Amino acid sequence: MLKTIILLTDTVQQQQPLANLLREHNRELAFCSALRAQDLCAIAPEVLSEARLVCFAADVAVPEKLLLRLGYGAYKFYVSPMQYPGLPPAPDESDDDPRCYSVIAQSMTIWPDFKKVVGLETVTIPDGTVPAERERLVFSRLAHLFWQMSGMIAGEATDLPGIIGSGESQRPTLAMMN
């Protein structure tokens, strides 16, 4: 039974609103807050088997050992410019002002072939938008995607359904390699 949601966020101010939204769908949930990988490592191992990790707008590497112990999976919500799908822009290319962004909810696994997109939206930024307004528009779409998926996140399913599947059906088998 899902008992705990571990919220990994970029700022402490994001924790309470996200927890409140998830609690609307499941009053019995407990929450653990994390801002860094060290916070995740401090969570008692017995909590993990009945927990789901939700990473919201945080760029933190989650330890593989923790991912393996989670009983209800791990999901990250993030934003990516369309010209760098799935990757943050290269530091020397940050002068570009992309007009389109993907707002993505994706499963987190230690096996790249088994990751799947469980939520996706596209945001187009109007010409002439200042950087602060662009950031607000993109973040509000990310929050909207989280809001749309909050019932599933707080639910009992051990694996959320993918809208874009992993490449697992395309993985080479031993017979294919010979």
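Helices and strands here are DSSP runs, helices of at least four residues and strands of at least two, numbered from the N terminus. The model is predicted. Its protein chain has 6 helices and 6 strands, and their order along the sequence is β-α-β-α-α-β-α-β-β-β-α-α.

**The loop at Ala 57**

- Ala 57 sits in the loop that runs between strand 3 (51–56) and helix 4 (64–69).
- Although Ala 57 is not a glycine, its phi is positive, at about 55°.
- Is Ala 57 buried, exposed or partly exposed? Its relative accessibility is 27%, so Ala 57 counts as partly exposed, because buried means under 20% and exposed means over 50%.

**Helix 5**

- Helix 5 covers residues 131–153, which makes 23 residues.
- At 1.5 Å a residue, helix 5 should span 33 Å, and the C-alpha atoms at its ends are 31 Å apart, which agrees. The expected span is 1.5 Å times one less than the number of residues.
- At Trp 147, helix 5 bends by about 35°.
- Which residues of helix 5 are buried? They are Arg 134, Val 138, Leu 142, Leu 145, Phe 146, Met 149, Ser 150 and Ile 153.
- An α-helix has 3.6 residues a turn, so residues three or four places apart point the same way.
- Among the strands are strand 1 (4–9), strand 3, strand 4 (74–81), strand 5 (100–107) and strand 6 (117–124). Helix 1 (15–25) is also one of the elements they pack against.

**Aromatic rings**

- A pair of aromatic rings is described by the distance of the centres and the angle of the planes.
- The count of aromatic pairs comes to 4.
- In the pair of Phe 56 and Phe 146, the ring centres are 5.5 Å apart and the planes stand at 75°, so the pair is edge-to-face, as planes over 60 degrees apart count as edge-to-face.
- This pair links distant parts of the chain, since Phe 56 is in strand 3 and Phe 146 is in helix 5, 90 residues apart.
- Both Phe 56 and Phe 146 are buried.
- Phe 146 also pairs with Phe 77: the centres are 5.1 Å apart and the planes are at 65°, so this pair is edge-to-face as well.
- Phe 77 belongs to strand 4 and Phe 146 to helix 5, so that pair too links distant parts of the chain, 69 residues apart.
- Phe 77 is buried, as is Phe 146.
- Through ring pairs, Phe 56, Phe 77, Phe 139 and Phe 146 are linked into a cluster.
- A charge is placed over another ring: the charged end of Lys 76 sits over the ring of Tyr 78, 4.9 Å from its centre.

**Thr 4**

- Thr 4 lies in strand 1.
- With a relative accessibility of 9%, Thr 4 counts as buried.
- Leaving out residues up to four places away in sequence, Thr 4 touches Leu 29, Ala 30, Phe 31, Cys 32, Val 47, Glu 50, Ala 51 and Arg 52.

**The whole chain**

- The protein chain has 178 residues, of which 38% count as buried.
- Among contacts between residues at least 6 apart in sequence, 63% join residues at least 24 apart.
- The protein chain exposes about 10200 Å², and carbon and sulfur atoms supply 55% of that area.

Conventions:
Residues are numbered from 1 along each chain as its sequence is written. This is a predicted model: local features need pLDDT of at least 70, side-chain atom pairs count only at pLDDT 80 or more; totals for chains, interfaces and linings use all residues. Side-chain values use heavy atoms; hydrogens and water are left out. Buried means under 20% relative accessible area, exposed over 50%, partly exposed in between (1.4 Å probe, protein chains only). The bend at a residue is the angle between axes fitted to the seven residues ending there and the seven starting there. Contact means heavy atoms within 4.5 Å. Rings of Phe, Tyr and Trp (its six-membered ring) pair if their centres lie within 6.5 Å; planes under 30 degrees apart count as stacked, over 60 as edge-to-face and the rest as tilted. A charge sits over a ring if NZ of Lys or CZ of Arg is within 6 Å of the ring centre and within 35 degrees of the ring normal. Accessible areas come from the Shrake-Rupley method with a 1.4 Å probe; for residues, only the protein chains shown count as cover.
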